[in-house]
Amino acid sequence: MEKIAKHQAIVLDLLKPFENDNKDGQTYILTDTIHHHYQVMRAGWDSRNHYFLRVRVHLHIKSDGKIWIMENRTEEDIAEMLVELGVPKDEIVLAVLPEHVRQFSGYAVA
């Protein structure tokens with residue numbers, strides 16, 4: 001539980017700068033501290049007057065304390081940002097990669 005709390009604080013710090021990114025629509029930081037899901041979402045109207053709602057980042061802290069990167073539609077290397085904030089690479093899973101490729105990522109497989 002201590003690892004989950006530590007990783008939750010790191011994830012929340014990591015996502016905070018995304019909140020000010022409102023170049024096309026509004027950006028929202030969604031946090032589920034019970035099930036440990038954290039998202040950056042963007043919503044608004046595009047130039048063709050179509051409404052959009054997109055997940056830009058989705059992180060999940062599993063019960064073993066590992067941070068799973070479920071989605072990253074940013075130019076940022078979220079995994080490297082987590083490492084810079086003190087999360088060991090063996091506690092980060094790139095869920096956006098197929099399982100058979102994760103072993104070559106330098107991060108945890110699962």
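Which residues make the nonpolar surface patch of about 400 Å²? I looked this up before anything else. Trp45, Tyr51 and Leu53 make the patch. I am working from a predicted model.

**Entry 1: the patch and its strands**

I placed the patch residues on their strands. Tyrosine 51 is in strand E3, which covers residues 51–61. Tryptophan 45 belongs to the stretch 37–45, strand E2. Tryptophan 45 stands opposite tyrosine 51 in E3. Alanine 43 has leucine 53 of E3 as its bridge partner. I note that E2 and E3 run antiparallel and are joined by nine bridges.

**Entry 2: the sheet**

Next I traced the whole sheet. I find an open sheet of five strands, in the order E1-E2-E3-E4-E5, with mixed pairing. Which strands are the edges? They are E1 (26–32) and E5 (92–93), each of which pairs on one side only.

I went through the pairings from the E1 side. E1 and E2 are antiparallel, with seven bridges. I picked out two residue pairs there. Aspartate 32 stands opposite histidine 37 in E2. Threonine 31 has tyrosine 38 of E2 as its bridge partner. I had the nine antiparallel bridges of E2 and E3 already. E3 and E4 also pair in the antiparallel sense, over five bridges. Valine 57 stands opposite asparagine 72 in E4.

**Entry 3: the hairpins**

I looked at the turns for positive phi values. The hairpin of E1 and E2 has four residues between the strands, and histidine 36 takes a positive phi near 65° there. The hairpin of E2 and E3 has five residues between the strands, with asparagine 49 at a positive phi near 65°. The hairpin of E3 and E4 has five residues between the strands, and glycine 65 takes a positive phi near 90°.

I kept two of these for a second look. Histidine 36 is not a glycine, yet its phi is positive, about 65°. Asparagine 49 is not a glycine either, and its phi is positive at about 65°. Are these two residues buried or exposed? Histidine 36 lies in the loop between E1 and E2. Its relative accessibility is 12%, so histidine 36 counts as buried. Asparagine 49 sits in the loop between E2 and E3. With 58% relative accessibility, asparagine 49 counts as exposed.

I asked how many residues of E2 are buried. Seven of the nine are buried, so E2 is largely enclosed by the rest of the structure.

I then turned to arginine 42, which lies in E2. Why does arginine 42 count as buried? Its relative accessible area is 6%, and the cut-off for buried is under 20%. I listed its contacts, leaving aside neighbours within four places in sequence. Arginine 42 is in contact with Asp21, Lys23, Asp24, Gln26, Thr27, Phe52, Leu53, Arg54 and Arg56. Leu53 in that list is also one of the patch residues.

Helix H1 (residues 2–15) lies across E1, E2, E3 and E4 (67–72). I read an angle of about 150° between H1 and E3.

Histidine 7 is in H1. Is histidine 7 buried or exposed? It counts as buried, at 1% relative accessibility. What does histidine 7 touch, not counting residues up to four places away in sequence? I find Ile61, Gly65, Ile67, Val87 and Glu91.

**Entry 4: glutamate 99**

I finished with helix H3 (residues 99–102), where glutamate 99 is found. Glutamate 99 has a relative accessible area of 61% and is exposed. The cut-off for exposed is over 50%. I took one distance back to the patch. The C-alpha atoms of glutamate 99 and tryptophan 45 are separated by 36 Å. Along the chain, the two residues are 54 residues apart.

Technical notes:
Residues are numbered from 1 along each chain as its sequence is written. This is a predicted model: local features need pLDDT of at least 70, side-chain atom pairs count only at pLDDT 80 or more; totals for chains, interfaces and linings use all residues. Side-chain values use heavy atoms; hydrogens and water are left out. Patches are made of residues with over 30% relative accessible area and no salt bridge: like charges are joined within 9 Å, nonpolar side chains (Val, Leu, Ile, Met, Phe, Trp, Tyr) within 5 Å. Accessible areas come from the Shrake-Rupley method with a 1.4 Å probe; for residues, only the protein chains shown count as cover. A salt bridge is a side-chain nitrogen of Lys or Arg within 4 Å of a carboxyl oxygen of Asp or Glu. Two strands pair if DSSP finds at least two bridges between them. Contact means heavy atoms within 4.5 Å. Axes are lines fitted to C-alpha atoms, for helices over the stretch in contact, and angles run from 0 to 180 degrees between N-to-C directions. Buried means under 20% relative accessible area, exposed over 50%, partly exposed in between (1.4 Å probe, protein chains only).
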